[in-house]
Amino acid sequence: MISQSPDTSPEAEKVQIELIRKSSVARRISIVRSLSQTVIYLSRRAIKRTKPFLSERELDIAFVANHYGEELAERLRLYL
């Protein structure tokens with residue numbers, strides 16, 4: 001098996017993969033959902049730190065621009 005993570009030992013990675021395989025579908029979905037929420041929160045926080053003057057709406061648009069592109073962000077601006 002080729003290691004997927006350069007900072008994790010192959011033995012530890014095997015244990016992690018086995019734990020994931022043994023988890024229920026509901027548990028795996030819960031983990032992915034939690035990770036997604038964390039990434040979104042950290043991204044929005046980083047934008048807010050670099051541009052503290054943005055309103056919540058402007059922050060939403062900046063988030064979309066960063067992650068989905070300016071074209072979609074412009075469409076969101078027009079929609080809102």
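Me: What makes Phe63 and His67 contacts of Ser43, leaving aside its neighbours within four places in sequence?

Reply: Ser43 is in contact with Phe63 and His67 once neighbours within four places in sequence are set aside, and the word contact applies because heavy atoms lie within 4.5 Å. The model is predicted, so local features need pLDDT of at least 70 and side-chain atom pairs pLDDT 80 or more, whereas totals for chains, interfaces and linings use all residues. Residues are numbered from 1 along each chain as its sequence is written, and side-chain values use heavy atoms, without hydrogens or water.

Me: Why does Ser43 count as buried?

Reply: Ser43, which lies in helix α2, has a relative accessibility of 14%, and buried means under 20% (exposed is over 50%, partly exposed in between, with a 1.4 Å probe and protein chains only); Ser43 therefore counts as buried.

Me: How do you know that the side chain of Ser43 makes a polar contact with the side chain of His67?

Reply: The two side chains come to 2.6 Å, and a polar contact is a pair of N or O atoms within 3.5 Å, one able to donate a hydrogen and the other to accept it (for residues adjacent in sequence, both must be side-chain atoms).

Me: What makes the side chain of Thr8 a partner of the side chain of Asp7 in a polar contact?

Reply: Their distance is 3.5 Å, which still meets the limit of within 3.5 Å. Thr8 itself lies in the segment before α1 (10-22), and at 19% relative accessibility Thr8 counts as buried. Not counting residues up to four places away, Thr8 touches Ser3, Glu13 and Gln16.

Me: Why are α2 and α3 called roughly perpendicular?

Reply: Helix α2 (residues 25-50) and helix α3 (residues 56-68) pack at about 115 degrees, with axes 10 Å apart, and 65 to 115 degrees counts as roughly perpendicular (under 35 is roughly parallel, over 145 roughly antiparallel, the rest oblique); α2 and α3 are therefore roughly perpendicular. By class, their contact has five nonpolar, three polar and four charged residues.

Me: Why are α3 and α4 called roughly antiparallel?

Reply: α3 and helix α4 (residues 70-79) pack at about 155 degrees, with axes 7 Å apart, and because an angle over 145 counts as roughly antiparallel, that is the name for α3 and α4. Asp60, Ile61, Val64, Ala65 and Tyr68 in α3 meet Glu70, Leu72, Ala73, Leu76 and Arg77 in α4. By class, this contact of α3 with α4 has seven nonpolar, no polar and three charged residues.

How values were computed:
Helix = DSSP H or I, 4+ residues; strand = E, 2+ residues; numbered from the N terminus. Axes fitted to C-alpha atoms, helices over the stretch in contact; angles between N-to-C directions. Nonpolar A, V, L, I, M, F, W, Y, C, P; charged D, E, K, R; others polar.
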